[in-house]
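Here are my notes for a first look. Please keep the structure open while reading.

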There are 4 protein chains.
Amino acid sequence: MAKQTAKLWGGEGLHPLVEAYTVGEDYRIDGECMVPYDLKASDAHAQMLQKIGVLRADELATLQKAFKEIKELWEKGDFKVTISQEDCHTAIEQYITEKYGEVGKKIHTGRSRNDQSMTMIRLFTLDQVKEVQRLARELGSSAQSRAKELQAAPMPGYTHMQRAMPTTVGTWLDSFACGWLDAAKLLDGAFSMLDQNPLGSAAGFGINHLELDREVTTKAMGFAKVQENVMYCGLSRGMFENVALQAMSLPMVLSSRFATDMMMFTQQEALFLALPDEFVTGSSIMPQKKNYDLFEIMRANGKVFGSLQVQIQETIVGLGSGYHRDLQCTKKAFVEACALCTSTLRLLQVVVPALQVREENLKKAMTEDLYVTDEVYKLVAGGKPFREAYAEAKADFFKRKVLYRLQSDVAGLQGGDFLI
Amino acid sequence: MAKQTAKLWGGEGLHPLVEAYTVGEDYRIDGECMVPYDLKASDAHAQMLQKIGVLRADELATLQKAFKEIKELWEKGDFKVTISQEDCHTAIEQYITEKYGEVGKKIHTGRSRNDQSMTMIRLFTLDQVKEVQRLARELGSSAQSRAKELQAAPMPGYTHMQRAMPTTVGTWLDSFACGWLDAAKLLDGAFSMLDQNPLGSAAGFGINHLELDREVTTKAMGFAKVQENVMYCGLSRGMFENVALQAMSLPMVLSSRFATDMMMFTQQEALFLALPDEFVTGSSIMPQKKNYDLFEIMRANGKVFGSLQVQIQETIVGLGSGYHRDLQCTKKAFVEACALCTSTLRLLQVVVPALQVREENLKKAMTEDLYVTDEVYKLVAGGKPFREAYAEAKADFFKRKVLYRLQSDVAGLQGGDFLI
Amino acid sequence: MAKQTAKLWGGEGLHPLVEAYTVGEDYRIDGECMVPYDLKASDAHAQMLQKIGVLRADELATLQKAFKEIKELWEKGDFKVTISQEDCHTAIEQYITEKYGEVGKKIHTGRSRNDQSMTMIRLFTLDQVKEVQRLARELGSSAQSRAKELQAAPMPGYTHMQRAMPTTVGTWLDSFACGWLDAAKLLDGAFSMLDQNPLGSAAGFGINHLELDREVTTKAMGFAKVQENVMYCGLSRGMFENVALQAMSLPMVLSSRFATDMMMFTQQEALFLALPDEFVTGSSIMPQKKNYDLFEIMRANGKVFGSLQVQIQETIVGLGSGYHRDLQCTKKAFVEACALCTSTLRLLQVVVPALQVREENLKKAMTEDLYVTDEVYKLVAGGKPFREAYAEAKADFFKRKVLYRLQSDVAGLQGGDFLI
Amino acid sequence: MAKQTAKLWGGEGLHPLVEAYTVGEDYRIDGECMVPYDLKASDAHAQMLQKIGVLRADELATLQKAFKEIKELWEKGDFKVTISQEDCHTAIEQYITEKYGEVGKKIHTGRSRNDQSMTMIRLFTLDQVKEVQRLARELGSSAQSRAKELQAAPMPGYTHMQRAMPTTVGTWLDSFACGWLDAAKLLDGAFSMLDQNPLGSAAGFGINHLELDREVTTKAMGFAKVQENVMYCGLSRGMFENVALQAMSLPMVLSSRFATDMMMFTQQEALFLALPDEFVTGSSIMPQKKNYDLFEIMRANGKVFGSLQVQIQETIVGLGSGYHRDLQCTKKAFVEACALCTSTLRLLQVVVPALQVREENLKKAMTEDLYVTDEVYKLVAGGKPFREAYAEAKADFFKRKVLYRLQSDVAGLQGGDFLI
């Protein structure tokens with residue numbers, strides 16, 4: 001079989017630069033992530049074609065056998081998609097036609113690559129949203145338990161990166177737990193909006209002269225409902241992935257902020273928290289180094305994730321309705337962003353239980369300035385209006401500070417406990 | 001009263017460049033949008049202070065009188081926030097202290113500007129989310145009704161901006177309606193997650209020596225629940241606004257895509273749709289021009305909105321927990337983005353009913369190529385496998401096209417109906 | 001004169017929602033920033049019109065008198081642009097026509113609002129690029145001088161936010177100075193590319209039946225050359241502003257990174273550097289606080305600036321050639337971004353000389369681990385291959401560390417000098 | 001050799017999730033793109049080490065032999081970097097040590113992975129900037145030539161996507177040519193700023209007890225100068241790549257805008273321009289389709305490129321000085337963005353000469369409304385003030401239009417030539 005006739009639409013004689021430019025990395029992404037989802041959708045489609053009389057029962061059986069074979073090959077890493085095939089849709093149809101003949105020429109009946117691709121990605125999207133939700137919920141729960149254990153461990157509370165008021169390690173860790181749990185809730189809302197079956201919309205205009213039964217495929221794939229308007233199906237490509245990513249961005253933002261806290265709390269200057277050696281890295285030049293690279297990558301991944309959101313949203317914003325090849329470009333960003341999100345949450349699931357608390361350093365850091373606000377409220381409790389109490393406590397604090405400085409100078413000490 | 005002592009924290013002698021740089025436009029935004037929300041939160045706070053015995057009943061009455069006064073002044077445009085005051089919190093407290101004395105010095109008891117500001121913004125956020133949801137739902141419904149009227153009007157369906165298959169104006173318009181209605185659903189999910197009261201978290205570490213009753217303020221302001229963890233309150237500043245914006249982005253993306261369709265459909269080349277003169281603009285040099293500037297601005301606003309999302313998310317991603325002044329910068333972007341979203345949806349509410357359909361142009365555009373897929377399915381209905389039917393219809397189409405071209409050349413006509 | 005006939009293109013009866021939506025804040029920005037640039041361009045245009053015989057000498061004199069008047073009014077804050085006028089072009093032409101009659105109706109001869117607006121913005125752009133360049137160069141030089149004074153002050157060098165190897169305050173400060181000076185160079189390159197006169201391109205298609213002399217306006221405004229291709233003029237709107245912003249982004253990125261270093265070096269945990277009281281702010285609840293808000297805003301402004309770049313680039317990318325109203329939206333972002341950049345550099349010009357170095361804290365922080373790499377190179381100097389020297393120094397360091405820990409435990413001390 | 005001891009810094013027992021998360025795709029990118037640049041830098045480093053007496057002449061010879069070997073293996077696809085090696089630096093050093101023993105342990109003398117990696121990327125960056133510049137210049141020249149040939153072909157000029165005034169295909173194409181040529185100029189400025197050698201800065205703090213001769217490596221690699229300040233070297237990682245990308249963004253923005261014009265000009269509605277069949281693609285369902293996918297991908301790639309710029313800039317903005325692992329994440333985005341830019345320009349180099357001009361369609365589109373502005377200027381030439389001429393031509397045009405409509409209605413024709 002000639003390579004150049006590989007494509008579903010023909011494509012003989014396509015300029016090699018055009019082929020390489022338009023396909024991009026799409027064939028690789030399909031090959032790595034999408035094959036099982038296309039098989040699931042194709043299976044549902046075949047069942048429906050059989051129900052409406054396009055396929056015979058034996059043809060359906062053959063197709064389902066082929067789908068199973070391909071899935072097994074893929075799981076072993078032996079089902080590849082080539083650049084001249086462009087995508088896994090072509091690769092799968094070709095496999096069937098070459099091996100099982102005639103029936104392969106029927107499987108595309110009643111669908112277009114548009115709805116085929118969209119359905120595959122929709123299934124992938126729903127899986128990812130569900131997985132991120134599960135991970136966020138589990139991480140939130142486990143962080144909440146750990147926080148309870150650490151409820152009593154004192155910790156300076158910071159605002160503006162300066163010591164502010166006393167808090168505890170438990171309160172700090174629980175604040176992130178609350179966030180991860182709220183994120184799980186948000187993902188729920190997104191999931192139930194996204195749970196719509198686009199299969200049967202064909203190229204966005206349905207099919208004439210053939211009565212597709214969209215309820216059959218909806219049930220077979222486990223969708224909550226048919227996405228009725230066929231043009232809305234087309235319009236939702238990229239847009240639904242965008243909704244999914246935005247719902248995933250809350251756990252990512254939280255994780256990057258957790259990472260930044262960890263970078264500060266593990267610095268030699270503070271050393272409130274630490275992780276066992278298996279979590280830290282070293283230097284090729286400085287033998288003494290123990291670095292928390294995992295948190296730097298986590299901090300950066302929050303930004304990388306954000307740029308992938310931008311990539312998808314900017315690609316679709318201002319794009320006319322109807323399929324545009326631009327939409328293909330949203331697939332890579334989406335797959336990469338999902339992987340960043342799940343790998344970040346999975347890593348945190350092992351990090352949180354491993355956190356080591358350096359209580360002696362925390363206690364040393366609970367300096368006098370953290371308690372000045374308490375002085376204000378003692379005065380308030382005694383009946384003084386807040387503003388006056390504030391002014392009095394402030395004057396008192398700075399008087400003591402000046403005195404301390406004078407004494408330190410005399411004694412040759414360094415007044416580190418008192419800011420500025 | 002000396003201007004330089006205006007700030008709640010003192011601030012005498014602050015370098016004017018530092019004041020100007022750190023305050024930025026925040027005082028202006030507070031003055032324009034935030035005063036009523038701060039008053040609502042302050043009222044709830046005062047009620048609570050009275051219940052726990054910090055304020056006497058007469059002091060509460062005085063404060064509530066003052067809040068009412070300020071609200072009335074603000075509604076008339078007579079309550080201003082100055083740059084040296086920094087924010088409306090200071091402006092309001094100063095107004096009360098100057099006019100009503102002692103009681104003004106008590107209103108800040110048990111809160112910090114952190115939770116005060118956060119509560120004000122949370123109330124604003126919930127209002128905006130609810131308003132966008134209402135607008136999206138109304139627009140969706142009205143577009144759906146209009147779509148029903150236009151269900152029969154034929155329209156070429158486009159993919160890759162090339163004519164693809166037949167559709168109708170109604171299907172096209174309804175596809176956007178579905179999106180706006182789904183957006184309303186998403187906003188629901190976001191709203192119920194965001195509906196938490198941060199007041200009482202003070203600077204993120206609560207208050208000692210004073211028992212705040214956070215249920216009282218929660219009920220007074222109508223929140224669904226207390227946001228319990230005080231550090232989570234702090235962590236949610238900016239992050240909750242980000243969640244709100246992301247939920248608003250779906251209607252914005254849809255609107256920008258609708259605008260792009262309208263730009264194409266109102267071009268002289270197509271002229272399928274039009275709007276009355278009161279919607280179009282002209283040129284300072286070309287007397288004949290009628291331009292659809294509103295759709296160009298709508299298309300651009302989808303991108304501007306996206307960059308405001310980026311602004312907020314990038315500001316908070318990787319930021320340590322605890323208050324940072326960086327968070328102030330999220331307020332301007334948030335307020336601007338909400339305004340873009342509500343004004344876009346309000347404009348569309350008048351645009352959709354005013355749409356004029358040029359049926360004669362639509363009919364002329366229903367060219368032969370739109371029906372080639374139907375030929376395929378007629379062959380499929382006759383029992384031919386899809387791939388063979390596709391190949392046959394394709395060969396037939398291009399044969400007819402070549403023939404048409406030859407005839408056109410002979411007749412001196414131009415074969416515009418046939419692509420390429 | 002009826003308000004609704006205010007616009008250059010007519011605009012009677014425009015729907016108020018369309019007017020408000022399409023004009024946006026453009027009239028305010030024009031009124032605040034653009035009037036002098038439009039006057040400069042209009043003056044050059046009038047001179048040219050007189051040279052080619054469209055205006056008489058006395059008409060030119062009248063116009064120039066009017067331009068001078070408007071400039072003086074504007075400088076006193078007495079020249080306003082209203083929303084129904086849309087922009088300063090209309091406001092200026094109306095002022096002249098109302099006050100000086102007939103001649104006002106001639107000033108728009110041979111131009112469109114497209115090239116008029118573009119020329120005004122180009123002049124503004126070049127001014128801003130030149131100003132940022134000047135500020136970056138001055139800041140770089142002044143930081144370089146300060147760095148020389150501080151060359152001997154020891155400072156721990158950090159990688160991964162962990163102590164790495166010894167450096168000095170001078171080397172650290174000079175590294176930013178180098179960046180600011182390199183930024184000045186980059187801005188030079190951008191300036192010379194951007195220095196092209198678009199006036200005379202009209203709506204992007206020139207003018208027939210009238211011979212404009214574009215060299216005259218080029219010389220009058222001080223541009224390096226005519227931007228010859230009239231459609232390229234149109235294409236460069238927004239795109240040239242994008243080039244300018246990108247050249248400004250280097251000093252902004254540098255400044256935000258400097259701010260982050262300052263946040264860490266001014267923490268109580270380190271306290272290597274400080275600023276006088278006039279640079280720091282306080283808290284409304286915690287009397288003891290001294291916060292470096294200026295650096296938090298500077299850090300955030302680096303991100304806000306980035307999102308404004310995104311706003312402009314995303315607005316123009318994928319936009320067809322020829323004027324689109326979308327381009328108007330780039331003006332606000334551009335003006336705001338320029339202001340962020342110049343105000344940041346101006347603030348740093350007072351910050352750098354005011355930096356206070358806390359040598360006693362710096363010296364205390366020059367802990368043993370910073371010198372382990374030196375041990376490696378002593379062994380290398382003695383002839384040992386690097387990898388072996390590295391392994392030996394590493395083993396030795398961790399042996400000493402374990403020993404130190406044991407001793408600390410016995411003595412009840414806390415081994416803070418040794419990481420983890 | 002145990003797998004786990006592969007890393008330059010040790011790394012025995014690193015948690016597999018931490019390894020996978022921190023290395024990410026870096027090993028793959030190094031293996032695909034960076035090996036030759038690291039070899040070039042290592043060769044220069046070895047030459048320097050020999051000159052200062054760390055290596056003997058025979059050791060240098062051995063190393064250079066090894067570098068040559070590795071390069072040849074790499075060119076054949078036989079030199080791989082594994083995930084446990086993390087990067088090509090480790091892979092290269094291990095290859096040498098395993099094959100040539102002792103000398104491999106010396107090659108890392110006087111450098112850190114920080115400056116090694118930075119030098120490798122700097123060399124790659126300069127190569128890419130030079131290549132993009134070359135491509136932009138060639139494309140600009142070739143488009144300029146093609147534009148000259150097409151100077152006479154009439155084309156409607158559009159503003160707001162509505163017909164505005166007459167122009168020509170040549171003027172249109174030349175406007176892009178001007179942009180690509182200006183881009184080449186900008187890239188020149190960026191190149192000369194970036195052309196600095198960071199090798200010898202080690203981990204950002206230089207090396208004690210060993211006198212590196214940085215002029216030797218600078219000369220050997222062909223850099224214009226040493227990047228003197230060792231901390232500035234560190235600070236420039238990511239930041240210099242950002243500068244390079246920003247300079248590349250002008251040709252990308254231009255190309256995406258060209259693509260959008262092409263999408264409109266190749267629509268059936270206009271059909272002004274076309275490309276031969278080898279440039280167009282088809283549909284899996286609609287046999288008649290010829291789609292310009294290449295321009296859709298080009299339009300989208302402009303946005304993808306923009307998001308990669310965002311990714312890099314947001315990763316570095318607000319990052320403290322000194323090496324952070326976050327910086328590793330800028331490598332993938334940079335490599336991908338460069339590839340998008342060069343492949344886009346290379347594709348355009350074949351597209352521009354292949355453009356087919358459909359003169360008959362262009363002529364048909366030169367409708368009456370395009371010439372109304374000429375009517376104005378005829379009146380101006382006759383002495384009428386511009387504003388009056390404008391009003392007169394406008395009134396006249398709309399009068400004729402109404403008349404035409406009436407006649408069309410009578411004749412049963414469709415008044416497509418007249419807008420709205």
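1. Two strands pair if DSSP finds at least two bridges between them. Keep in mind that this is a predicted model. In chain C, strand β1 (residues 154-159) and β2(C) are joined by six bridges. The two strands run antiparallel. Look across the pair: Pro156(C) stands opposite Pro166(C) in β2(C).

2. Next, the turn. β1(C) and β2(C) form a hairpin, with two residues between them. His160(C) lies in that turn. His160(C) has a positive phi of about 55 degrees.

3. How many residues of strand β2 of chain C are buried? The strand covers residues 162-168, and seven of its seven residues are buried. Strand β2(C) is thus described as mostly covered.

4. On disulfides, a pair of cysteine sulfur atoms must be within 2.5 Å. Cys341(B) is in no disulfide: its nearest cysteine sulfur belongs to Cys338(B), 7.5 Å away. Cys341(B) is also buried, with a relative accessible area of 0%.

5. Cys178(C) is in no disulfide either. For Cys178(C), the nearest cysteine sulfur is that of Cys233(D), at 8.8 Å. The relative accessible area of Cys178(C) is 16%. Buried means under 20%, so Cys178(C) counts as buried.

6. Finally, chain A. Ser42(A) sits in helix α2 (residues 26-51). Is Ser42(A) buried or exposed? Ser42(A) counts as buried, at 1% relative accessibility. Leaving aside neighbours within four places in sequence, Ser42(A) is in contact with Phe67(A), Ile107(A), Arg111(A) and Gln116(A).

Note on methods. Residues are numbered from 1 along each chain as its sequence is written. Chains are lettered from A and ligands numbered from 1 in the order in which they are written. This is a predicted model: local features need pLDDT of at least 70, side-chain atom pairs count only at pLDDT 80 or more; totals for chains, interfaces and linings use all residues. Side-chain values use heavy atoms; hydrogens and water are left out. Buried means under 20% relative accessible area, exposed over 50%, partly exposed in between (1.4 Å probe, protein chains only). Helices (H or I, at least four residues) and strands (E, at least two) are DSSP runs, numbered from the N terminus. Contact means heavy atoms within 4.5 Å.
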